[in-house]
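Welcome! Have the model open beside you and try each exercise before you read its solution.

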Amino acid sequence: MIEILRKYGDEILRVGIVLIMMLTTVVAVEIRWMKSEVWIFYGVPALLLMGMLFFIRRKQRFQFTSTDAIAVTWFAYYVGRSWIGNEWPCRMEFLKTAELFLLYAALRVAFDRTKISAWVLIAYILAFGCYEAYLGVSQMYGDERSRHNLFALTGNFLNPGPYSAYLMIGVVVGLVALKDMSNRAIITRMPNVVCLNNLKDKVPAKIVEYIKAITWKHLVIAAVAIMAVVLPATWSRAAFLGVAVVVLFIYRDKYWKYRYILWGGILLASVVFYFVKQGSADGRLIIWKAALTTWVDAPWFGIGIGGFLHAVAEGIARLSTTNTDLSSAGVADYAYNVLLKIVVEQGVVGGLMAVAFAVVALIKMSRNSSALFWGMVTLLVFAMFSYPFDLLPYKVIAVLVVAWSESKDENQKTNDQSQKTIGWIKVFLLSCFLGIASWQAGKMVSRCLKIEKNLGMAYSFSDFYSVEEGFEWMSSEGDNHEFLFAFGKKLREEGRYKESNAVLSQGAKCSADPMFYVLMGNNYKDMKHYDLAEKSYYKAFAVMPNRLYPYHQLMLLYKDWGDMKKAKAMAKRVVEMKPKVDSRLTRDIKKKAEDFLREN
């Protein structure tokens, strides 16, 4: 045992690191901060220290790759873009990106020249994918509670969309792995005591033969089948597309003769899926078009980190002055396209760095493991239509796979002890700097998590905290649009209209919700600044031109202002306008407008 630990101890520890990292991907996912993220920040110094001990023990130097160079350059640019010429609240987004970089750096140091087999990562991905599939089935049958009241299954995620990506990665990795696997049996030799058929209560020979016939390939097939059965229940078009792209490529030799029939069927299915959820697809197209409409003002360096949602709001306001159909527009929460978000916030410069990083990392990955390579390809395809890289599980999986691939042992050795010593000193100093930075970031995140836990239901019920506490939390929650809206509303209820508008104005910078402008208009109206209130209401309508509420507020404003002509014109607009969603609220607004027209 001691000899095994001496010889393979490093690899055993690294396999344990992979397990711990994968465990963070199957905890309940939250939009902002999670407890596991605090532990990642605190765990980075330990990973760096472990990596340093590996270097010294094996008398090796750290091998710096081209992917590492791009990652460092890109992060340095990101830091500069976050602090120079940026007016958007981006505390959380900056810390989450720093978390990504610090984890990558720590894993690179800990995994450098690793001899961990790709099958270790593949096995973990398949195992945890099966766990998520089991959790989804349990939710469908009522044994576990779904995390969204409108959907039967969500796994550990908040809705089926991002949940589907976890199953998708498992299915793709498993399918590609099957092509590279042999039919090696799991159990090649049964103990003699089991095989003695003449003894009572022993296993019959036929069953023994069945057990010995089970191969690792059978286990992978079973895992893929478990995830593939659950995947259609998510109704995720992005996941279906990701699986289809990989399957069509890796099995092209199987269907090539009938390719036109197959491609035609897939095209027809794509059209059907589009019309089944047309509103959602059109809404994402509007988000992309609106963001690009604003991005053209700063194409090379982008609009700034954290400004994407505000860019969407401003873009829709511009598009509302054209003949663009915005009936499917909704309040954007995500970009639904990772590359678009990077380009809009970081410009062409940031976009080129992102593409370069992905291409170089994938080229290296394709040499080390085709299964993991295709798993990451399908995740990138999914990220073009959804938001996996806004969620911790997919960031951890991607960083883990890339760090493993870049750390693969390439047998680059040097006998120059002075070079080794210099290399160790450089890595030691860098590790100290990154470790301290990660520890400090962990403290900040821990504080944010504590505050958000204290807030509890405060987003909906602002009586849970005082105004003084709200101002104290502004330093940590200044980019949390839910908190800013609730706090602005609380200040308004207490008659502190100017302070309320200052908070709401900051909220409008990190959200695309028109209600920030509506609430600001209400504050201006109560302060008798009718001209400013009018501008705020019109801004709210421009940001979301399929909402009735801003026009309803304008009708009431003109009534209080004493301009009955404009009030009646606005009431007529309310009556004639067709809202995006017909609800009890829209019907009540229309009825009030009709009553106003009858009375006047």
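Predicted model: local features only at pLDDT ≥ 70, side-chain atom pairs only at ≥ 80, totals over all residues.

**Exercise 1. Get an overview: how many helices and strands does the chain have, and what share of its residues is buried?**

Step one is to count the elements: there are 26 helices and 0 strands. Step two is to look at burial: of the 600 residues in the chain, 50% are buried. Step three turns to contacts with a separation of 6 or more, where residues 24 or more positions apart account for 74%.

**Exercise 2. Work out how helix 24 and helix 25 are arranged: are they roughly parallel or roughly antiparallel?**

Begin by finding helix 24 at residues 549–561 and helix 25 at residues 564–576. Their axes come within 8 Å and cross at roughly 160 degrees. Angles over 145 degrees count as roughly antiparallel, so helix 24 is roughly antiparallel to helix 25. The crossing of the two helices is left-handed.

Next, see who makes the contact. From helix 24 come Tyr551, His552, Leu554, Met555, Tyr558 and Lys559. Helix 25 contributes Met564, Lys566, Ala567, Met570, Ala571, Arg573 and Val574. Sorted by class, this contact has 9 nonpolar, 1 polar and 3 charged residues.

**Exercise 3. Place Val109 in the fold: which helix holds Val109, and is Val109 buried or exposed?**

First, locate Val109 in helix 4, which covers residues 91–111. Second, check its relative accessible area, which is 9%. Buried means under 20%, so Val109 is buried. Third, list what Val109 touches, not counting residues up to four places away in sequence: Leu48, Gly51, Met52, Phe55, Phe62 and Val427.

**Exercise 4. Trace some salt bridges: how many does the structure hold, and which parts does the pair of Lys539 and Glu314 tie together?**

As a reminder, side chains of opposite charge can pair when their charged atoms come close. The structure holds 20 salt bridges.

- Take Lys539 and Glu314, whose closest N and O atoms are 2.8 Å apart in a salt bridge. Lys539 sits in helix 23 (residues 530–543) and Glu314 in helix 14 (residues 308–319), so this pair ties together parts 225 residues apart in sequence. Lys539 counts as partly exposed, at 23% relative accessibility.
- Move on to Arg492 and Asp526, a salt bridge with its closest N and O atoms 2.6 Å apart. Arg492 belongs to helix 20 (residues 481–493) and Asp526 to helix 22 (residues 515–526), so the parts tied together are 34 residues apart in sequence. Asp526, at 33% relative accessibility, counts as partly exposed.
- Then find Asp112 and Arg113, whose side chains meet in a salt bridge at 3.7 Å, N to O. Both of these residues are buried.
- End with a network of salt bridges that links Arg32, Glu452, Glu477 and Asp479.

Technical notes:
Residues numbered from 1 in each chain as written. Heavy atoms only, no water. Axes fitted to C-alpha atoms, helices over the stretch in contact; angles between N-to-C directions. Helix = DSSP H or I, 4+ residues; strand = E, 2+ residues; numbered from the N terminus. Parallel < 35°, antiparallel > 145°, perpendicular 65-115°, else oblique. Left-handed = near helix turned anticlockwise from the far one by under 90°. Contact = heavy atoms within 4.5 Å. Nonpolar A, V, L, I, M, F, W, Y, C, P; charged D, E, K, R; others polar. Salt bridge = Lys/Arg side-chain N within 4 Å of Asp/Glu carboxyl O. Buried < 20%, exposed > 50% of the residue type's maximum accessible area, 1.4 Å probe, protein only.
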